[in-house]
Amino acid sequence: MRSYRANKIGSLDDLKIIEEDLPVPGPGQVRVRVRATALNFRDLALLTGIFPAPAKADVVPLSDAAGEIEAVGSDVTRFAIGDRVVSSFFPTWFGGAFEAGAEQYSVERDGWLTEYKVVDAEALVAAPNTLSFAEAAALTCAGVTAWSALAGVRAGDIVLTQGTGGVSIFAVQLAKALGARVIATTSSAEKADRLRALGADEVIDYRADQDWGSTARAMTDRGIDRIVETGGATSLAQSIKAIAPSGQISLVGVLGGFAGSVDYKAMFFSFARFQTITTGSRRDLEELTRFVARTGLKPLIDSTFIFEEARAAIEHLGRRQVFGKIVVQH
């Protein structure tokens, strides 16, 4: 079988296809014929060495995948040969409170940019029958992160999303499916039109409106109930302006970096909850797949590359001109 491995971190030039032996599942394990993988900015950060945790030596990248069970080891009852499955982002976090140090693909374990992979059956979730392999692969990281960031949102709530990254686009789709009103921020008229077509009720150009937090708050009678905060230190001050008393700012990303000061007085008197989001557990992924199947929601795909073009797919991600998920078809 063929796998991609990066024998040195820092340059995509060291990411190459190599031939490996077909893995054999042991007790409790299954072998997955990988049909599609999806990219996240995390994957680029790991391969270029800017991720907070170091990549595994000689790593197989990517955490998001969908495929079908091709072989099962002894004692496996969760799946059978031919079942369609999706990878869970944290292969050993099944539910409950998150614990620091939970294993991750590409950090402690090889990832999914390979033709076949053996994993514990418990690290997988049944793929929704409503989705293709490419669409199902998009759920693992960005989909579950958006789902976790919106936990508790109800019909009639007001949700604010930032930008057009994978999590933000999922958040627009999921919030609308939950019955919320969505206000989105973006940086161009073209992206604004695409966000409206996706379901956003109002869109604010944050480059033209530097005080977009106040603008978003003024669009409501009391402020925003839930903010999916992906910008980090550069946008948090505006999110604090926009949030409603007892609302929640879900701290998802740091696209603007960690550097910067926080106005603690404004933060304190916002009377809001600040919740760090760490993707989600297998249980969260199971809830999301059921919701997706019930509502017919379709993940938005930006572009698709074949297996031999995986490096080009990662380079495309690095140019940051993406609207939706980038998928590699195996």
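Buried means under 20% relative accessible area, exposed means over 50%, and partly exposed is in between (1.4 Å probe, protein chains only). The model is a predicted one, where local features need pLDDT of at least 70, side-chain atom pairs count only at pLDDT 80 or more, and totals for chains, interfaces and linings use all residues. Residues are numbered from 1 along each chain as its sequence is written, and side-chain values use heavy atoms, with hydrogens and water left out.

**Exercise 1.** Work out which residues Gln104 contacts beyond its neighbours within four places in sequence.

Step 1: find Gln104 in the loop between strand E5 (84–87) and strand E6 (116–120).

Step 2: look at its accessibility. Gln104 has a value of 17%, so it counts as buried.

Step 3: list the contacts (heavy atoms within 4.5 Å). Leaving out neighbours within four places in sequence, Gln104 touches Arg42, Phe51, Phe89, Phe90, Pro91 and Arg109.

**Exercise 2.** Find out how many residues of H3 are buried, and how H3 lies against H9.

Step 1: count. 11 of the 11 residues of H3 are buried, so this helix is largely enclosed by the rest of the structure.

Step 2: compare axes (lines fitted to C-alpha atoms, for helices over the stretch in contact, with angles from 0 to 180 degrees between N-to-C directions). The axes of H3 and H9 come within 10 Å and cross at roughly 90°.

Step 3: name the arrangement. Under 35 degrees is roughly parallel, over 145 roughly antiparallel, 65 to 115 roughly perpendicular, and the rest oblique. H3 and H9 are therefore roughly perpendicular.

Step 4: see who meets whom. Leu139, Gly143, Val144, Trp147 and Ser148 of H3 meet a set of H9 residues, including Leu285, Leu288 and Phe291.

**Exercise 3.** Describe the largest nonpolar core.

Step 1: recall the term. A nonpolar core is a set of buried Ala, Val, Leu, Ile, Met, Phe, Trp, Tyr and Cys residues joined through side-chain atoms within 4.5 Å.

Step 2: size it up. The largest one has 43 residues, and Leu150 and Leu174 have the most contacts inside it.

Step 3: see where it comes from. Among the elements giving two or more residues are strand E3 (29–38), helix H4 (166–177) and helix H9 (282–295). H4 gives the most, with 7 residues.

**Exercise 4.** Give the strand order of the open sheet of 6 strands.

Step 1: recall that two strands pair if DSSP finds at least two bridges between them.

Step 2: read off the order, which is E10-E9-E8-E11-E12-E13, with parallel pairing.

Step 3: spot the edges. Strand E10 (202–205) and strand E13 (273–276) each pair on one side only.

Terms used:
Helices (H or I, at least four residues) and strands (E, at least two) are DSSP runs, numbered from the N terminus.
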